[in-house]
Amino acid sequence: MNVPAQETPFETVRDVVIENPVISAQQLDFWYGQSQALFANDLDIAPRKVTAIIGPSGCGKSTHLRVYNRIFEQYRGQRAVGRVLLDGQDLLAPGTDVIALRRRVGMIFQKPTPFPMSIFENVAYGVRLHFAFSRKELEQKVEESLRAAALWDEVKDLLHKPGTALSGGQQQRLCIARALAMSPEVLLMDEPTSAIDPVATARIEELVLQLKERLTVVIVTHNMQQAARISDNTAFFHLGRIIEFGATAKMFTNPSHPKTEEYITGRFG
Amino acid sequence: MTELRLSHRPATARKALDVFVRAFSVLSAALGIFFLFWILWVVLQKGHTVLSWSFFTSAPPSPGEGVGGIKYALVGTLKMTGLACLMGVPVGLLTGVYLAEFGRHGAFASGVRFCVNLLMGIPSILVGLFAYTIIVLAAPRHYSGNAGAFALAIIMLPTVARTSEDMLLLVPDALRESALALGIPRWRVITGILFRAARKGLLTGVLLSVSRVSGETAPLLFTALNNNFYPKDLSQPTANLTVTIYNYAMSPYDNWQRVAWGASLVIMAFLLGVTLLLRFILKERHRS
């Protein structure tokens, strides 16, 4: 990590070419103060597919994901250098409307974080700020989002109960509903099931597969079976570099890079 | 290498010391409680004789004639405390917001935090002197409830600022991030979501600061002063409980002294009420 990127010639192994990527990270470096966490990441995210980011702890998976909606910016000393194109526009360019960017690129976090308000308000709060809806339209949007997050049937009679009253898995689907209500084009998921039991995890995986019909998903996961089950493409990160990027089916059966194989077979990480 | 030497203190001596230390600390604790109850007892004993509904609704008595009531002082104190809240709470709250949400570890925030701590330690009589100098001595050169409220607001400010900061910092960053990630602007995240998440803690800070100023006398002595008339207007010297207690308790008239005890009891009951309310609020939070 102490060796500057330029001095180590490095080439990501690529087994797949992405046509018309929604997001395209180009030569992305990332710094936490003086320490560099990402080195020249090049990654294309295919539209309406699920792209998984895997790799051992501390390899930069989350760091990479957190550049896509510029959420890292609220912390002092964190800095992204390079280009990240969203529909051809560099989202790191100065003058980018971050509020609009975050409406288009939603994010789900490790731990469910319902807002301290009712289930209805959890979904409606952001919608009201971004869209000029009538009360009726707002109610429709909330229902539609809760349905899309496979939560409606469980909460339709509890809409005015606090969001914190739900179970962990339900809370995470509430967060997904909340994000979907903004009509995002991309949904970033940062280990969305690591704090949730296996049954609830299965429901969320199912949901991700449904979601890719309408939007693009990028999911960071520690769980390789999960990546294998739900993703179309996978990027393997190690020490801040993208070692290998390819179709999930190929990577999990026949990885090209020895490091990838070691990680997938559980020899490190 | 230093040689390890075991001290062969006999077990009986060690046990005796243990008993002694334990007994001494229990005794010290009991002593603290003892004085608290003694004070409560004296105030209750001396104050309860004047308590009645009319004590809260009557004008102050003339020297030597009956007990009258503390209506004017009570209203004056409430009005000044209310005005102090209107000035001190927003500034204190926004200071807390700056420290927790914007400044955090920055150099300016550290400076502000240091100053707030300093302000918290300034004796209240100095705050009173300050308000006296810049408000009372300025035109139209007279004592006023406004000056008193200003002094109280300065005393409230650091308490509100520090508790607000602490309570906002208790809200996990994950909640901030997930709100920001929805494209909610920073100020809406703070006012709409973080304030709501921390509302009990924020209310606690306000109540703490109110209870802190409710017994303050020194800063009112040369700002609000006191008054024998109903406090219609805070631009005049304003009747208040603490200076009333001070004046009446020092007077030679028996009936005034009794009123002073009664007013003391009222303040004490108020503080007790606030403390119980705080306990209740904080317990609620632990449960949820």
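Predicted model: local features only at pLDDT ≥ 70, side-chain atom pairs only at ≥ 80, totals over all residues.

Along its principal axes, the C-alpha atoms of chain B fill a box of roughly 80 × 70 × 40 Å. With those dimensions in view, how many of the 288 residues of chain B count as buried? The share is 38%.

Now for the secondary structure. Chain B has twelve helices and zero strands, so if you follow the sequence you will read the pattern α-α-α-α-α-α-α-α-α-α-α-α. What about the contacts within this helical chain? Take the pairs in chain B that touch and sit at least 6 residues apart in sequence: 74% of these contacts join residues at least 24 apart. For this count, two residues are in contact if their C-beta atoms lie within 7 Å.

Finally, let's turn to the place where chain B meets chain A. Here 24 residues of chain A and 17 residues of chain B take part in the contact. Which elements of chain B give two or more residues to this side? They are helix H7 (173-180) and helix H8 (186-197). H7(B) supplies the largest share of the side of chain B that touches chain A, with six residues. Sorted by class, that side of chain B holds ten nonpolar residues, along with four polar and three charged ones.

Note on methods: Residues numbered from 1 in each chain as written. Chains lettered and ligands numbered in written order. Helix = DSSP H or I, 4+ residues; strand = E, 2+ residues; numbered from the N terminus. Nonpolar A, V, L, I, M, F, W, Y, C, P; charged D, E, K, R; others polar. Buried ≥ 20, exposed ≤ 12 C-beta atoms within 10 Å, placed from the backbone.
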